[in-house]
Amino acid sequence: MNKTYITTEQLAERIQYHPRTIRHELIDTYLLEGKHYVRAFGRRKFLFIWEEVEKTMCESTDKSIRMPV
């Protein structure tokens with residue numbers, strides 16, 4: 001399976017959130033390291049795995065893990 005890696009700014013554009021909201025409210029609450037994102041070369045820059053983020057957003061069986069509206 002091919003993975004699409006996108007930056008915080010690209011993710012913000014796709015899901016209509018401010019990049020700061022993603023960094024401060026979604027990371028490690030709704031978006032988990034190793035599943036939804038990786039740290040590029042062990043640094044502070046996040047690369048999000050779009051397919052995993054999209055899958056989590058679309059899950060409707062457990063509302064506690066859905067993205068906040």
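N2 sits in the segment that comes before β1. With a relative accessible area of 69%, N2 counts as exposed (over 50%; buried is under 20%, and partly exposed lies in between, all with a 1.4 Å probe and protein chains only). Along the sequence N2 and I49 are 47 residues apart, yet their C-alpha atoms are 10.0 Å apart in space. The model is a predicted one, where local features need pLDDT of at least 70, side-chain atom pairs count only at pLDDT 80 or more, and totals for chains, interfaces and linings use all residues. Residues are numbered from 1 along each chain as its sequence is written, and side-chain values use heavy atoms, with hydrogens and water left out.

Now for the overall layout. The protein has three helices and three strands, taken as DSSP runs numbered from the N terminus (helices are H or I with at least four residues, strands are E with at least two). Read from the N terminus, the elements go β-α-α-β-β-α. Of the 69 residues, 32% count as buried. The accessible surface is about 5100 Å², and carbon and sulfur atoms hold 48% of that (Shrake-Rupley method, 1.4 Å probe; for residues, only the protein chains shown count as cover). Among contacts (heavy atoms within 4.5 Å) with a separation of 6 or more, 44% come from residues 24 or more positions apart.

The strands make an open sheet of three, in the order β1-β3-β2, with antiparallel pairing. β1 (5–6) and β2 (37–39) are at the edges with a single partner strand each, so one side of each has no neighbour in the sheet. Two strands pair if DSSP finds at least two bridges between them; β2 and β3 (residues 46–49) have three, in the antiparallel sense. In one of the pairs, R39 has F46 of β3 as its bridge partner.

Next comes α1 (8–15), whose buried residues are T8, L11, A12 and I15. Looking down the axis of α1, these buried residues fall within an arc of 100°, so they line one face of the helix (the arc is that of the directions from the helix axis to the C-beta atoms). An α-helix has 3.6 residues a turn, so residues three or four places apart point the same way. The cover over the buried residues of α1 includes β1, α2, β3 and α3 (50–58).

Just after α1, Q16 takes a phi of about 60°. This residue is in the loop between α1 and α2, and Q16 is exposed, with a relative accessible area of 68%. D28 has a phi near 70°, also positive. D28 belongs to the loop between α2 and β2 and is exposed as well, at 51% relative accessible area.

The loop between α2 (19–26) and β2 also holds H36. With a relative accessibility of 2%, H36 counts as buried. Its side chain makes a polar contact of 2.6 Å with that of T56 (a pair of N or O atoms within 3.5 Å; within protein, one must be able to donate a hydrogen and the other to accept it, and residues adjacent in sequence count only if both atoms are side-chain atoms). Setting aside neighbours within four places in sequence, H36 is in contact with Y30, L31, L47, F48, I49, E52, V53 and T56.
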